[in-house]
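I open the notebook with the structure below and go through its side-chain contacts, strands and backbone angles in turn.

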Amino acid sequence: KAGRTPNPDILCNKKIKFKAFLEFAAQDLAADYIATGHYARRKTVDGRHQLLRGLDNNKDQSYFLYALDQAQLAQSLFPIGELEKSAVRRIAEDVGLITAKKKDSTGICFIGERKFRDFLARYLPAKPGAIITVDGKILGEHTGLMYHTLGQRKGLGIGGVKEANDDPWYVVDKDIKNNQLIVAQGHDHPRLMSTGLIVQQIHWINPPALNQTNQYTVKTRYRQPDIPCTIKPLSDNKIAVQFDYPITAVTPGQSAVFYQGEVCLGGGVIETRIQELM
């Protein structure tokens, strides 16, 4: 409803796998630990637990685990975090597991085989509106802002546009008040670029020393290359982040996750993006 794009995998880890399931394992099964298939690692330094990136950089899933706390990490094991995915598949094949050659899962686990659009339609009634350019020209109609996210290229339904070049169209903004989807051509259009962001609902696994000139990096979405940044606290639960260079498609509702080397420090939810004229 707010036009944001949340990350359900992070919420699932926080509320289901590492809360409800962890509590069930500890209380009902008297288990000391749970083990999950996340590509991440855990390390203990001076009595505090650190969350590290998985050894396989292409499969690292620490981004999805930034909301874990010290108690949850203390009771969690990540046995495949020290392996590459190819090695995991070889081990699975050697012991005869039927999942050895199963395709990687990419969907949202709790909605099953349904299409994401159909799932959303059950809870949020679609509200069609205009698709417009940054100059206000109407190009078509969307079926609901909830179906679109910043940086989206496919599924816009924009055909040949008179007086436009052949560059693809991208979602660059949402006008919630007027129910308009704003698009522009080119993946590096100025309206799609951000020089920083404001992050709320901050959770630190290990709080960094933000008053020092330490080097940090941030990911604003999974599989994104690390972006060098500086972090400035605004309050106990909100920070401002300045990128070393502009990046594309920073999306409110997604998570910004911070790193120092291989250590995942924590993260939060993107509240707004910071844009400057370029």
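Which residues form one aromatic cluster? I found that Tyr-63, Phe-64 and Tyr-222 do.

Before going further I note that this is a predicted model, in which local features need pLDDT of at least 70, side-chain atom pairs count only at pLDDT 80 or more, and totals for chains, interfaces and linings use all residues. Residues are numbered from 1 along each chain as its sequence is written, and side-chain values use heavy atoms, with hydrogens and water left out.

**Entry: aromatic pairs**

I looked up the ring pairs and the structure holds 5 of them. For Tyr-63 and Tyr-222 I read ring centres 6.4 Å apart and planes at 40 degrees, so I logged the pair as tilted. The criterion I applied pairs rings of Phe, Tyr and Trp (its six-membered ring) if their centres lie within 6.5 Å, with planes under 30 degrees apart counted as stacked, over 60 as edge-to-face and the rest as tilted. This pair links distant parts of the chain, since Tyr-63 is in the loop between β3 (48–53) and α2 (70–74) and Tyr-222 is in the loop between β10 (216–219) and β11 (227–235), 159 residues apart. Helices (H or I, at least four residues) and strands (E, at least two) are DSSP runs, numbered from the N terminus.

Tyr-63 is buried at a relative accessible area of 1%, whereas Tyr-222 is partly exposed at 26%. My cut-offs are under 20% relative accessible area for buried, over 50% for exposed, and partly exposed in between (1.4 Å probe, protein chains only). Phe-64 also pairs with Tyr-222 in a tilted arrangement, 4.6 Å centre to centre and 55 degrees between the planes. Here the partners are 158 residues apart, with Phe-64 in the loop between β3 and α2 and Tyr-222 in the loop between β10 and β11. Phe-64 is buried, its relative accessible area being 11%. I also checked Phe-64 against Val-257, and the two are 193 residues apart in sequence but 8.7 Å apart in space, C-alpha to C-alpha.

Taking a salt bridge as a side-chain nitrogen of Lys or Arg within 4 Å of a carboxyl oxygen of Asp or Glu, I have a count of 8 salt bridges.

One of them joins Arg-53 and Asp-226, at 2.4 Å from N to O. Arg-53 lies in strand β3 and Asp-226 in the loop between β10 and β11, so the pair ties together parts that are 173 residues apart in sequence. Arg-53 is buried at 13% relative accessible area, while Asp-226 is partly exposed at 25%. I also saw that the charged end of Arg-53 sits over the ring of Tyr-259, 4.0 Å from its centre; this requires NZ of Lys or CZ of Arg within 6 Å of the ring centre and within 35 degrees of the ring normal.

Another salt bridge is that of Arg-41 with Glu-262, whose closest N and O atoms are 2.8 Å apart. Arg-41 is in strand β2 and Glu-262 in the loop between β13 (255–260) and β14, 221 residues apart. Arg-41 counts as buried at 13% relative accessibility, and Glu-262 as partly exposed at 36%.

I then turned to strand β7 (residues 169–175), where 5 of the 7 residues are buried, so the strand is largely enclosed by the rest of the structure. β7 runs antiparallel to strand β8 (residues 180–185), and 6 bridges join them; two strands pair if DSSP finds at least two bridges between them. The bridge partner of Val-171 in β8 is Val-183. The two strands form a hairpin with 4 residues between them, and Asn-179 in the turn has a positive phi of about 55 degrees.

**Entry: other positive phi values**

Where else did I find a residue other than glycine with a positive phi? Asp-46 has a phi near 55 degrees and is found in the loop between β2 (40–45) and β3, where Asp-46 counts as exposed at 78% relative accessibility. Gln-201, which is not a glycine either, has a positive phi of about 55 degrees, but Gln-201 lies in strand β9 (residues 193–204) and is partly exposed at 47%.
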